[in-house]
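Hello,

Here is the structure I said I would pass on. My notes on it follow below.

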Amino acid sequence: MLKYIIVGFVCVGIVFSCKKIQPEMSVLNAGCDCAKEVSADFLMEEMTTGNTNFSEYTKTDTICNNKNVRFTALEDDAEYTWYIGTEIIHTKTFVRYFSNLSGQNIPIKLVVKKKPNLICLPNDDGHDSIEKHLIISTNTSYSDTSYILEGTFRLKDINQTDSVDITVDFRHSANYPFLLDLFNFDGQGTNSLDFNPLIQNSIGNSNSLLAFNYRQIWFNMNSYSSILHHDLNGVITLNIINNNPSLPSYFYKGRKL
C-alpha cells in the first residue's frame, strides 16, 4: 500500500513568533519574521480515485478527463469564498468531479478574508483573491508524444555522478487501451515492458500500472515499486525502489529532453 507523507513547516522564533494572537504594543514588532499578509493562494490536487481515504494526490494545473480534484486554501482560520462556474463554496477544502470536460480551461477563483496582523503588517487589509485555471487534458489514451510523462528524460541518480537517459513510452495494443514501456531504467540498458493498466494490483502480475494522475504515475515492475512525477516546476523525479533490500534502488531527478 502506498504511504502518505504529510510534511509540515514550523516557524521557530521567540515567544510571539507566528502566533495567531497579536502581540501587545509593548513588544511592538517582536516576532514578525514569520508574519505574512493574508493570502488566497490555494492548491489543486488531482486524485487517483474518488475515495479520499484511498487516494493519491498530485499538485497540478492539469488533470485527466473524468477525474476528481481536491481544492485547498492555504490560509488557515479565514472566511473562504470559492467561485467555480455558477457554484459558490465556503469551505477551506472540498472535492469536485470533472466529467466529460476534455479540452476545457476552467477558472477557479478564491476570495479570502481574515483579521490581519496589523502589528507586524500595518498595510494588510485582510483581503485577497486569486484566480487559477484548471485544464482538462484531451489526452485520454496517453499515446501522444507530447504527454508530459512520455518521452526521454535526462536523469541523475542521487548516488551517482553521471546522468542517464531513460525513455518512457505509452502505446496502444490490440487488447488494451495502452501499455507502458520503460527503457534503460537502470542506466545499463535494461528495459521493462508491458505495464498493463487494466490489471491493477492483481496477484501474480509482475508488471502493472497501479494508479495514475496527469503528472504522476505509480507502477510495479517485477520486484520494484516505482513512481514517476513531472512537477509543476518542470523537475522530473523517478523513484524505482527494489523491495529486495539486497538489490539496488534508483532515485532519479532531472528533466524531459
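**Glu 75 and its surroundings**

The side chains of Glu 75 and Lys 114 are joined by a polar contact of 3.0 Å. Please keep in mind that this is a predicted model. Glu 75 sits in the loop between β4 (67–73) and β5 (79–84). Is Glu 75 buried or exposed? Its relative accessible area is 9%, and the cut-off for buried is under 20%, so Glu 75 counts as buried. Leaving aside residues up to four places away in sequence, Glu 75 touches Glu 37, Val 38, Ser 39, Tyr 80, Lys 92, Val 112 and Lys 114.

**The chain as a whole**

The protein chain has zero helices and 18 strands. Of its 257 residues, 39% are buried. The chain exposes about 14,500 Å², and carbon and sulfur atoms supply 52% of that area. If you take the contacts between residues at least 6 apart in sequence, 49% of them join residues at least 24 apart.

In soluble globular proteins, nonpolar side chains tend to be buried together. The largest nonpolar core here has 24 residues. Leu 182, Leu 228, Leu 238, Ile 240 and Tyr 252 have the most contacts inside this core. Two or more residues each come from β10 (151–157), β11 (163–171), β12 (179–183), β15 (216–221), β16 (224–230), β17 (236–242) and β18 (250–256). With four residues, β11 gives the most to this core.

Ile 240 touches a list of residues that includes Leu 182, Phe 185, Met 221, Tyr 250 and Tyr 252, again not counting residues up to four places away in sequence. A second, separate core has 21 residues, among them Ala 78, Phe 98, Leu 110 and Val 112. Val 112 is also one of the residues that Glu 75 touches.

Which side chains of β17 point to the buried face? They are Ile 236, Leu 238, Ile 240 and Asn 242.

Strands of a sheet pair through backbone hydrogen bonds, either parallel or antiparallel. β16 and β17 run antiparallel and are joined by seven bridges. In this pair, Leu 228 stands opposite Leu 238. The hairpin of β16 and β17 has five residues between the strands, and Gly 234 in this hairpin takes a positive phi near 90 degrees. β17 and β18 also run antiparallel, with five bridges between them. Here Leu 238 stands opposite Tyr 252.

**An open sheet**

Five strands form an open sheet in the order β3-β9-β8-β5-β6, and their pairing is mixed. Its edge strands are β3 (62–63) and β6 (87–89), each of which pairs on one side only. β3 pairs with β9 (residues 127–136) in the parallel sense over two bridges, and Ile 63 stands opposite Ile 136.

**One loop glycine**

Gly 189 lies in the loop between β12 and β13 (192–195). Its relative accessibility is 47%. Gly 189 and Ile 166 are 23 residues apart in sequence, and their C-alpha atoms are 9.1 Å apart in space.

Regards

How values were computed
Residues are numbered from 1 along each chain as its sequence is written. This is a predicted model: local features need pLDDT of at least 70, side-chain atom pairs count only at pLDDT 80 or more; totals for chains, interfaces and linings use all residues. Side-chain values use heavy atoms; hydrogens and water are left out. Buried means under 20% relative accessible area, exposed over 50%, partly exposed in between (1.4 Å probe, protein chains only). A polar contact is a pair of N or O atoms within 3.5 Å; within protein, one must be able to donate a hydrogen and the other to accept it, and residues adjacent in sequence count only if both atoms are side-chain atoms. Contact means heavy atoms within 4.5 Å. A nonpolar core is a set of buried Ala, Val, Leu, Ile, Met, Phe, Trp, Tyr and Cys residues joined through side-chain atoms within 4.5 Å. Accessible areas come from the Shrake-Rupley method with a 1.4 Å probe; for residues, only the protein chains shown count as cover. Two strands pair if DSSP finds at least two bridges between them.
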